[in-house]
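Biologist: I have a structure open and would like to learn how to read it. Could you walk me through it, one feature at a time?

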Amino acid sequence: MSPDIPFPSYLEQKRQLTQWKKDNLWYKEVHSQVTQDVVKRLHNTWEAFKARGFGFPRFKKYGSYQSFLFPQFRENPIKKNIIKLPKIGEVVINQHRPIPEGFKVKGVRIVARARGTIWYAIVTIRCDISVPEPVPFGRGIGIDIGLESFLVTSDNFRVEPALFFRELQSRLKVLQRRASRKNKRSKNWEKAQQKVARLHHKINNARKNFHFQTSHQLCDQLRSSGDSLADMIFVEDIDFRVSAKGFLGKQMLDGGFGQFRDLLSWVCWKRGKYFAQVDHKYTSQICPECGTHTGKKELSERVHICPECGYKTSRDHASGRVILERGLKSVVPMDCRERKLSGNGVLSGVLYLDKCRSRNANSRDLEARANPTDERRERSLRDFTSSQRKVTRTSRERRSRLYL
Ligand SMILES: [Zn+2]
């Protein structure tokens with residue numbers, strides 16, 4: 001190839017598709033917009049590689065390209081339990097939830113899982129409304145994520161760990177051993193590999209389900225404090241990949257903490273709760289009651305006892321409270337807070353706002369945060385992937401009206 005040829009842009013590559021289709025007739029069997037999307041993915045990967053500076057994009061082997069996208073639909077492709085895809089035809093599906101009223105189907109992504117034995121159609125739906133960002137107000141909780149309990153909140157609400165991988169790893173071991181004894185790339189080998197992949201898929205699904213349920217539980221209700229809801233949720237910004245390399249690596253990975261944090265932030269957005277990550281440094285060393293550094297704890301040390309004020313509680317509960325304190329600090333400027341606020345972790349929004357308005361310093365900042373119309377971002381044309389958001393929007397609007 002001559003060095004004078006300019007680097008092919010996305011548009012240039014897309015234009016070449018028509019020529020390729022003339023040269024290679026089998027390209028015509030694929031819908032044109034699907035091929036365009038493949039080019040787009042390649043282009044995006046390349047751009048991301050250039051920005052990142054490492055990680056050269058790899059060619060996809062057979063079986064490693066797991067999804068393709070139909071980006072545009074003129075009319076709703078789903079009727080009853082049948083989805084009609086261009087160039088493929090009608091496919092029977094198991095529709096998990098109906099498409100809510102007022103939403104239009106924007107695109108459908110077809111995803112293959114477990115070595116192509118399980119297929120999903122992910123429908124992206126769209127509605128032209130603007131959704132304000134969740135605003136910090138009300139009762140906050142800090143969450144400490146760990147191995148002893150899956151999580152402990154600042155009001156000492158615990159969720160016990162569920163170990164999906166550990167429960168099924170003996171089964172997995174059997175299947176993997178069977179697979180390794182087959183002749184490589186034979187039919188029986190492929191069947192055995194599929195069984196392994198399906199079990200992995202099952203473990204993943206169970207874990208994800210647990211993460212979703214726990215996230216909703218946190219948004220819904222906290223048992224120890226009766227009927228009050230959590231309005232702000234704070235977690236630490238710890239990099240779980242580091243501790244997954246330690247001696248409890250298998251347990252850390254089985255917890256899937258990073259995925260849980262991602263899903264929690266998404267569930268919070270959907271439910272109109274404020275979600276933020278705080279600095280993770282020394283959360284297990286600082287006393288939540290008096291703020292003293294108590295020094296490093298061994299992993300076996302499960303109780304926090306403060307030598308200064310004598311405060312005694314479980315280690316995870318203490319760091320949950322420290323996380324809450326940091327979260328509240330990040331949300332509200334110092335001079336607008338009362339000293340003892342962090343103790344019960346409640347921001348009584350309106351009262352505090354009035355106090356702050358009378359002051360000059362930092363007050364504008366807080367008002368801007370507490371007033372959703374100021375901060376309201378234009379979120380029209382946002383893609384919606386879930387049906388429940390419409391419900392969320394109304395509850396959030398109701399809430400924001402309260403604070404206008
Ligand atoms: Zn103390």
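Modeller: Gladly! Let's start with strands: two strands pair if DSSP finds at least two bridges between them. Keep in mind throughout that this is a predicted model.

Biologist: How many bridges join strand E3 to E4?

Modeller: Strands of a sheet pair through backbone hydrogen bonds, either parallel or antiparallel. Here, strand E3 (residues 82-85) is joined to E4 by 4 bridges, and the two run antiparallel. To find the pairing on screen, look for Leu-85, whose bridge partner in E4 is Gly-89. Ile-83 has its partner in E4 too, namely Val-91.

Biologist: And what joins E2 to E3?

Modeller: There are 2 bridges between E2 and E3, again with the strands antiparallel. Ile-78 is bridged to Ile-83 of E3.

Biologist: Which residues in the hairpins have a positive phi?

Modeller: Take the hairpins in turn. The hairpin of E2 and E3 has 2 residues between the strands, and Lys-80 takes a positive phi near 55° there. In the hairpin of E3 and E4, 3 residues lie between the strands, and Lys-87 in the turn has a positive phi of about 70°.

Biologist: Now the helices, please. At what angle do H1 and H2 pack?

Modeller: Two packed helices are described by the angle between their axes and the distance between the axes. For helix H1 (residues 10-23) and helix H2 (residues 32-52), the angle is about 150° and the axes are 10 Å apart. Angles over 145 degrees count as roughly antiparallel, so H1 and H2 are roughly antiparallel to each other. H1 passes H2 in a right-handed crossing. From H1, the contact uses Tyr-10, Gln-13, Lys-14 and Leu-17, while H2 brings Thr-35, Gln-36, Val-39, Lys-40 and His-43. Sorted by class, this contact of H1 with H2 has 3 nonpolar, 4 polar and 2 charged residues.

Biologist: How are H3 and H4 arranged?

Modeller: Helix H3 (residues 164-180) packs with H4 at an angle of about 170°, with the axes 9 Å apart. H3 and H4 are therefore roughly antiparallel to each other. Among the residues that meet are Phe-164, Leu-168 and Leu-172 in H3, and Trp-189, Val-196 and Leu-199 in H4. The residues of this contact of H3 with H4 divide into 12 nonpolar, 2 polar and 4 charged.

Biologist: Are H4 and H7 roughly parallel or oblique?

Modeller: The axes of helix H4 (residues 187-220) and helix H7 (residues 257-271) cross at roughly 45° and come within 9 Å. That makes H4 oblique to H7. The crossing of H4 past H7 is right-handed. The contact includes His-211, Phe-212 and Cys-219 of H4, along with Phe-260, Leu-263 and Val-267 of H7. By class, the contact of H4 with H7 has 7 nonpolar, 4 polar and 1 charged residues.

Biologist: Finally, what is the mean pLDDT of the protein chain?

Modeller: The mean is 78, and 80% of the residues reach 70 or more. Over residues 337-344, pLDDT stays under 50, and the model has 5 contacts beyond four places in sequence for them. Residues 348-404 also have pLDDT below 50, with 81 contacts in the model beyond near neighbours in sequence.

How values were computed: Residues are numbered from 1 along each chain as its sequence is written. This is a predicted model: local features need pLDDT of at least 70, side-chain atom pairs count only at pLDDT 80 or more; totals for chains, interfaces and linings use all residues. Axes are lines fitted to C-alpha atoms, for helices over the stretch in contact, and angles run from 0 to 180 degrees between N-to-C directions. Angles under 35 degrees count as roughly parallel, over 145 as roughly antiparallel, 65 to 115 as roughly perpendicular and the rest as oblique. A crossing is left-handed if the near helix is turned anticlockwise from the far one by less than a right angle, and right-handed if clockwise. Two residues are in contact if their C-beta atoms, placed from the backbone, lie within 7 Å. Ala, Val, Leu, Ile, Met, Phe, Trp, Tyr, Cys and Pro count as nonpolar, Asp, Glu, Lys and Arg as charged, and the others, Gly among them, as polar. pLDDT is the predictor's confidence in each residue, from 0 to 100.
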